[in-house]
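Visitor: Please take a close look at one helix packing. Then connect it to the rest, with cut-offs stated.

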Amino acid sequence: MLNRGVNYKIPRNLLFLFESIALFLMFMYYRNALDRSTIIYGLSLIFIIYISNLILSKIVSGDNYIFLIVTMLASIGIIMIYRINYEQGFKQIIWISLGIVLFFATYFIVKRIKGWEKLFLYYCLASVFLFLATLLLGRRFKGAINWISIGGISFQPTEIIKILAILMIASYYTNYDRFKEKKWGRYYLIGIMYLFVFFLFLQRDLGSVLIFCSLFLALQYIYDENRKLVLANIVVLMFSGLLGYVIFPHVRIRFETWINPWKYIDTIGYQITQSLFAISEGGFFGTGLGLGHPDFIPEVSKDFIFSAICEEMGILTGIGVIMLFMILVYRGFKISINQRNKFFRIVALGISILFGIQSFIIFGGVINMIPLTGITIPFVSYGGSSMLSSFIALGILQVASEELDIEED
Amino acid sequence: MFNILSLVFKYVFIVIIYMFIFSIIKLIYLDIKGIRPIPADSGTYLKLINRKDTLPFKVKEYYPLEDNVFLGRGNDNEIVIKDPYISKKHLRIVKDEDEYFLEDLKSANGTYVNGDRVMDVVKLNNGDRISVGQVEFLFVNKE
């Protein structure tokens, strides 16, 4: 315990060193188009991350690693995005800073207010409201309606619904005994989840369908007492997966490009083949930042950021990113095991599963291990909604890592 | 110029990222090791008999015993257990000439050694069962 302060300095300083060198390199890369505001924003981001880690290690009594890991992931992401696209990188700096502010806000709000486990109905209503709003106000973007814009600010409601869904499932299983007494109480949650999946099918947002289904299935598998219901759920989901394949042409396209992308290299398989070329081009150590061609891949700063990282920073960095996610998910599970409050125990588990599933789906997708579905890597990909909601989820996880007194006298 | 820098720095980045991961894994390892700091084969300690997850408050598997140890609900004790049935300062275990003695500090719900309520001071032998509040400990003395 005495050398605790000394120990935490090492990763924090390494992170600082990494960011400083990378930022310096980026300023060299853009040396002709550099203005003062970019330098100020870049330096202030490094400063914010360092200070947040410092403050966090002082004030929280819970887990000190998750925020460090996440800021490392965000730093790798921002460097890559900044190198690919100057303006997106600039925006991403703002998103990360906002995300960190939201992280602290969530941490204090969730910790201060008691009784989150009693709001089952409100989580449901808020989610359904957001789904309806998306369907009515949303605009179609590459086959899926998942954006709404209000007053010039556009965001993806599904990102918020993910967190609401975790809170909802957790509050349901915390009050499971109470729900069980009602006539159809055992089937409330499964009904609501099918409703969500139905809405997502209407939006044709299949990546999110996958995330919601696996999240729900995992938590149901762990907490539901009715084993037959779990089995029935798996069968229904498999069946609806097949149905999706038959009904939606763009699911079929994804499947065919997964089986043999080379056949469609000029058309629908272009993206995935370019991604594979990029990864192989990089080799173990990468081409070096700014020396590869990640811009050949369409959508590179969002879904395919991992290929760009592999190309310019090497497969070893790619493995590093995967390892960071593994440690993050491991910490999440450990937090969940140590937590005594049942609600936060389930929430911590749900959030770790969310991070794990989401990163697995997209890592697997870009290396053509599983069929590709366009979702973002949490904390790494470019995108405001995804970044902010991931930081909110992390804030809740941070609260869950602390000892929440339930038997206070 | 930029190309040379970029080529050099790509190795530096990989080294830094792996050092970062390594230092975090090391910290986590120390953290996990810190959960059971008492090797079960030496010294004198209290061992928890209850299954840990049946108790709704934080309690460790092992508590090492030194020369003078207080147990209670208050934060100034050496062994802090937030059990509502345990008093603020509940009991004291003292070492005197290689013998351990348990003293009940006039606790509200009492201390029991092998089922008998401790009225004042009692000598502890290896294998004694000590129950305080909802918690039950085994006294282990391997010296």
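Guide: The axes of helix α6 (residues 157-174) and helix α14 (residues 342-366) of chain A come within 8 Å and cross at roughly 145°. This is a predicted model, so local features need pLDDT of at least 70, side-chain atom pairs count only at pLDDT 80 or more, and totals for chains, interfaces and linings use all residues. Residues are numbered from 1 along each chain as its sequence is written, while chains are lettered from A and ligands numbered from 1 in the order in which they are written.

Some terms come first. Helices (H or I, at least four residues) and strands (E, at least two) are DSSP runs, numbered from the N terminus. Axes are lines fitted to C-alpha atoms, for helices over the stretch in contact, and angles run from 0 to 180 degrees between N-to-C directions.

On the α6(A) side, the contact includes A:Lys162, A:Ile166, A:Ile169 and A:Tyr173. On the α14(A) side, it includes A:Phe343, A:Ile346, A:Gly350 and A:Leu354. Contact means C-beta atoms, placed from the backbone, within 7 Å. By class, this contact has 10 nonpolar, three polar and two charged residues. Ala, Val, Leu, Ile, Met, Phe, Trp, Tyr, Cys and Pro count as nonpolar, Asp, Glu, Lys and Arg as charged, and the others, Gly among them, as polar.

Next, helix α3 (residues 65-84) of chain A. At 1.5 Å a residue, its 20 residues should span 28 Å, and its end C-alpha atoms are 29 Å apart, which agrees. The expected span is 1.5 Å times one less than the number of residues. Of the 20 residues of α3(A), 20 are buried, so this helix is largely enclosed by the rest of the structure. Buried means 20 or more other C-beta atoms within 10 Å of the residue's own; 12 or fewer is exposed, in between is partly exposed, and C-beta atoms are placed from the backbone.

Now the contact between the chains. Chain A gives 35 residues and chain B gives 27 residues. α1 (4-29), α3 and α13 (305-338) of chain A each supply at least two residues of the side that touches chain B. α1(A) gives the most, with 12 residues. By class, that side of chain A has 24 nonpolar, seven polar and four charged residues.

Chain B has one helix and 11 strands. Of its 143 residues, 26% count as buried. Six strands form an open antiparallel sheet in the order β2-β1-β11-β10-β7-β8. β2 (62-64) and β8 (116-117) stand at the edges with a single partner strand each, so one side of each is left without a neighbour in the sheet. Strands pair if DSSP finds at least two bridges between them. β1 (residues 44-48) and β11 (residues 135-141) of chain B pair over five bridges. There, B:Lys47 has B:Leu138 as its bridge partner.

Strand β6 (residues 99-104) of chain B pairs elsewhere. It meets β5 (residues 91-96) in the antiparallel sense over six bridges. B:Leu91 is bridged to B:Asp104. The two strands form a hairpin with two residues between them, and B:Glu97 in the turn has a positive phi of about 50°. β6(B) also pairs with β9 (residues 121-124), antiparallel, over four bridges. Here B:Glu103 stands opposite B:Val121. The covered face of β6(B) holds B:Tyr100, B:Leu102 and B:Asp104, and the uncovered one B:Glu99, B:Phe101 and B:Glu103.

Key. Contact = placed C-beta atoms within 7 Å.
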